[in-house]
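Colleague: I'd like to learn how to read a model like this one. Can we go through it feature by feature?

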Amino acid sequence: MNIIVCAKQVPNTQEVKLDQTTGRLMREGVPSIMNPDDKAGLEAALQLKDKCGAKVTLLTMGPPQAVEILREGLAMGADEVLLLSDKAFGGSDTLATSSIIAAAIRKMDYDLIITGRQAIDGDTAQVGPQIAEHLGLVNISYAEELEIADDHIIVKRQYEDRYHKIKAKLPVVITALAELATPRYMTPGGIFDAYRTGQVTTWGRADIEVDDAKIGLTGSPTRVFRSFTKDLKGKGQIVNVDTNESVEFLLEKFHEKFII
Amino acid sequence: MNTADYKGLFVFIQQVDKKISSVSYELVSEGRLLADELGYQVTAVLLGHGVTELSSRLAKYGADRVIVVDDPALETYQTEPYTRALTEVVLAKKPDIVLFGATAIGRDLAPRVSGRVETGLTADCTKLRIDYADPKDTSSDRILHMTRPAFGGNIMATILCPNHRPQMATVRPGVMQRTAVDNPKEAEIEAFPVAGLDESINIDILEIVKKTSAKMDIQDAKILVSGGRGIGAPENFKVLEELANALGGTISSSRANVDAGWIEKDRQVGQTGKTVRPDMYIACGISGAIQHLAGMEESEIIVAINKDPSAPIFEVADYGVVGDCMKVVPRLTEELKKLAAEKVN
């Protein structure tokens with residue numbers, strides 16, 4: 001079985017801080033990581049490999065430094081890694097990104113494609129379903145559990161107030177929730193091999209067949225018009241007193257605001 | 001593509017078990033405001049089986065027309081039949097704008113429809129506005145300005161879809177105001193059959209398991225007492241619950257406590273949880289990471305109780321108490337109970 005896992009290198013948004021006086025985003029020194037949902041997807045693929053044998057290919061699209069997450073993937077146990085990187089891919093929105101990734105996947109063998117549900121920098125959750133759309137495949141989003149039974153997959157698909165247990169014939173595209181699998185650690189030997197002998201394949205514009213009108217800035221229907229930091233609402237009344245006085249203060253405010 | 005050929009504002013109406021999701025009403029209300037700016041009709045698109053009678057509820061919030069695709073293949077949400085049905089409606093009717101709730105259904109359906117009709121889609125919007133494509137040029141088209149949190153809620157981005165139609169967006173539940181219109185008219189109902197939808201079924205749903213929660217949905221609560229890591233232990237949610245009960249509200253949580261398994265995921269407020277705007281939000285032992293603030297800063301009144309005077313939650317709080325929430329909350333509950341008892345007597 002051939003499994004393709006799509007991952008994105010993202011800034012660790014949990015570690016981003018705002019400059020309280022200027023309201024600017026402090027990007028300096030924010031570490032880059034493999035997007036958590038994608039990493040859960042990779043782990044799920046590796047577990048299938050451990051259980052029933054599979055070739056796991058990890059791919060990412062991004063600038064050359066995105067190779068870091070591919071090395072991490074190799075050290076976790078991925079068999080092959082592929083970097084999609086080209087200036088022509090820059091500025092792609094979700095639709096253009098999914099066109100590029102789908103074009104790359106078309107050249108590969110696959111039975112199962114796993115993406116994370118969403119990336120922590122963009123939070124769109126769109127690229128997975130859009131890859132499936134371009135490839136004409138079934139997609140099952142928000143996967144919390146999965147199992148393979150012959151040529152079928154059975155997925156526990158989460159909704160807000162329920163789950164559906166869904167059976168579909170392979171090949172399919174799954175978007176993974178972080179709950180799907182807890183990523184393993186890289187092994188010291190794996191890290192050593194990933195950096196010493198690990199092969200990273202890089203494909204650019206010339207290596208895939210896709211219409212120029214569908215990629216990059218030109219191929220992106222959406223544009224970022226502007227971005228800005230939110231105005232924090234004005235600071236209210238803060239007290240630093242003992243418990244009894246604190247409670248009195250709150251009761252008084254509840255009265256003023258007709259809460260009680 | 002001639003963008004001028006596309007007119008009207010459509011809202012995808014999400015129904016589950018023949019019950020319209022509240023985000024769909026919110027979007028009809030919001031859609032009404034946007035459509036009035038452009039002189040458009042608001043069309044609700046309702047997909048399901050045996051759902052036509054739900055149409056009448058949508059006029060109250062400002063729908064002029066309801067297009068219904070009623071088909072057995074649409075009984076339960078499945079990606080492909082829903083994508084096909086909605087795509088057919090979009091291709092036939094050419095709306096300028098299509099809105100979806102950013103739910104587990106909307107965030108699955110909208111990307112597939114956008115891929116099929118090859119247009120742009122903006123995810124998880126928290127603000128929609130009509131303005132010129134180039135605000136300095138009043139001869140430019142008036143289009144949808146879609147604003148959404150990005151970078152984990154650290155920044156906001158306004159996205160446009162200038163040259164493709166329809167302009168599509170998913171919108172976070174709980175953000176837009178659901179408001180009944182004055183003097184609602186009856187909505188025109190249009191049945192829109194799509195042939196061969198059953199052939200689009202490409203999965204088997206083996207089982208549907210509903211989660212039952214005895215507690216009030218946090219998006220419906222008027223008062224939320226919310227716990228962060230500062231409450232110290234999972235059992236301390238009981239202490240918060242007593243305060244919530246005394247105030248007629250319910251409890252919610254920061255992400256940390258959900259990740260730690262202290263409380264169910266459906267209680268989570270924030271960027272990766274739910275957006276809430278209660279009358280009062282009481283943050284107990286919550287430091288106020290930007291991802292958390294993104295989910296609650298629109299609350300009417302924000303109260304913060306935290307030991308750390310430099311916690312960012314105080315930046316958004318109307319009333320802040322520097323102190324141990326596990327000491328303040330029980331005392332507050334006790335006083336509220338006393339007051340309630342006095343009222344009865």
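Predicted model: local features only at pLDDT ≥ 70, side-chain atom pairs only at ≥ 80, totals over all residues.

Colleague: Fine. How do strands of a sheet pair in general?

Modeller: They pair through backbone hydrogen bonds, either parallel or antiparallel. Here, an open sheet of six strands runs in the order S15(A)-S18(B)-S17(B)-S16(B)-S14(B)-S15(B), and the pairing is parallel.

Colleague: Which are the edge strands?

Modeller: S15 of chain A and strand S15 (250-253) of chain B, each pairing on one side only. Neighbouring strands of this sheet are turned by 20° against each other on average, if you ignore direction.

Colleague: Where do I look for the link between S15(A) and chain B?

Modeller: Look at strand S18 (residues 319-322) of chain B, which pairs with S15(A) in the parallel sense over three bridges. As a landmark, find Gln237(A), which stands opposite Tyr319(B) in S18(B).

Colleague: And how many bridges join S14 of chain B to S16 of chain B?

Modeller: Five, between strand S14 (residues 223-227) and strand S16 (residues 280-284), and these two also run parallel.

Colleague: Which strands do the helices lie across?

Modeller: H6(A) lies across S15 of chain A plus strand S17 (301-306) and S18 of chain B, running at about 170° to S18(B). In chain B, helix H5 (residues 237-247) lies across S14, S15 and S16, running at about 170° to S14(B).

Colleague: How many residues does the contact take from each chain?

Modeller: 63 from chain A and 64 from chain B. On the chain A side, several elements supply at least two residues each, among them helix H3 (94-106), helix H4 (127-135), strand S15 (237-239) and helix H6 (243-256). By class, that side of chain A has 26 nonpolar, 21 polar and 16 charged residues.

Colleague: What describes two packed helices?

Modeller: The angle between their axes and the distance between the axes. Take H3(A) and H4(A): they pack at an angle of about 55°, with axes 8 Å apart. That angle is why H3(A) counts as oblique to H4(A). H3(A) passes H4(A) in a right-handed crossing.

Colleague: Which residues make that contact?

Modeller: From H3(A), they include Leu95(A), Ser98(A), Ile101(A) and Ile105(A), and from H4(A) they include Val127(A), Ile131(A) and Leu135(A). The contact of H3(A) with H4(A) divides into seven nonpolar, six polar and no charged residues.

Colleague: Now the backbone. Where are the cis peptide bonds you'd point out?

Modeller: One runs from Leu170(A) to Pro171(A), with omega near 0°. Pro171(A) lies in the loop between S11 and strand S12 (172-176) of chain A. Another goes from Arg165(B) to Pro166(B), with omega near -5°. You'll find Pro166(B) in the loop between strand S10 (155-160) and strand S11 (167-171) of chain B. Look at Ala125(A) as well: phi is positive there, about 65°, although the residue is not a glycine. Ala125(A) sits in the loop between strand S8 (112-116) and H4 of chain A.

Colleague: Last one: how is chain B divided into domains?

Modeller: Into domain 1 (3-200) and domain 2 (223-344). The centres of these two domains of chain B are separated by 34 Å, taken over C-alpha atoms. Their contact takes eight residues from domain 1 and eight from domain 2. The domain 1 side divides into three nonpolar, four polar and one charged.

Technical notes:
Residues numbered from 1 in each chain as written. Chains lettered and ligands numbered in written order. Domains from an automatic or database assignment. Contact = placed C-beta atoms within 7 Å. Nonpolar A, V, L, I, M, F, W, Y, C, P; charged D, E, K, R; others polar. Helix = DSSP H or I, 4+ residues; strand = E, 2+ residues; numbered from the N terminus. Pairing = 2+ DSSP bridges. Axes fitted to C-alpha atoms, helices over the stretch in contact; angles between N-to-C directions. Parallel < 35°, antiparallel > 145°, perpendicular 65-115°, else oblique. Left-handed = near helix turned anticlockwise from the far one by under 90°.
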